[in-house]
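This report describes one protein structure in plain terms. Please look over the sequence and the model before reading on.

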Amino acid sequence: MASVAAGTTEEKRAAMQAAFDAVLTGMAYAGVGLCLFALVWAGFVLMAEGAEGEGRGKARNAVVMAIVGLVVVLLAKGIAAAINSRIVEVFPIP
């Protein structure tokens, strides 16, 4: 891998953006995997504790939290992509 210290400012910026995008993409994949795991776990909880009473509430909460977590992870990726493509100007780039 090339050193970030060598090169022009534009090359450094591009290298940092690529690294940041790679990290966010990895987090998105991990978030999807964890969401699927949580949904499967909620299914097991529902089957093990039954559809009545407290087991149903635990399974429902697990599903809701898994989907909320997935939305947060995907929003982070979307917001970063919007900032990177300069749709949203947060900080002026000289």
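## Overview

The protein chain has 2 helices and 0 strands; helices (H or I, at least four residues) and strands (E, at least two) are DSSP runs, numbered from the N terminus. This is a predicted model, in which local features need pLDDT of at least 70 and side-chain atom pairs count only at pLDDT 80 or more, while totals for chains, interfaces and linings use all residues. Residues are numbered from 1 along each chain as its sequence is written, and side-chain values use heavy atoms, with hydrogens and water left out.

Of the 94 residues of the protein chain, 12% count as buried. Buried means under 20% relative accessible area, exposed over 50%, and partly exposed in between (1.4 Å probe, protein chains only). The accessible surface of the protein chain is about 7,200 Å², and 73% of that belongs to carbon and sulfur atoms. These areas come from the Shrake-Rupley method with a 1.4 Å probe; for residues, only the protein chains shown count as cover.

## Helix 1

| Property of helix 1 | Value |
|---|---|
| Residues 9-49 | 41 residues |
| Reach, first C-alpha to last | 59 Å |

The expected span is 1.5 Å times one less than the number of residues. Buried residues in helix 1 are Leu24, Ala28, Gly31, Cys35, Ala42 and Val45. Helix 2 (54-84) is included in what covers them, where contact means heavy atoms within 4.5 Å. Just after helix 1, Gly50 has a positive phi of about 90°.

Helix 1 also holds Phe37 and Trp41, which are 4 residues apart and so separated by about one helical turn. Both Phe37 and Trp41 are exposed. The structure holds 1 aromatic pair. The ring centres of Phe37 and Trp41 are 6.5 Å apart and their planes are at 25°, so the pair is stacked. Rings of Phe, Tyr and Trp (its six-membered ring) pair if their centres lie within 6.5 Å; planes under 30 degrees apart count as stacked, over 60 as edge-to-face and the rest as tilted.

## Contacts across the chain

Among contacts in the protein chain between residues at least 6 apart in sequence, 57% join residues at least 24 apart. Ile83 has its place in helix 2. Ile83 is partly exposed, with a relative accessible area of 37%.
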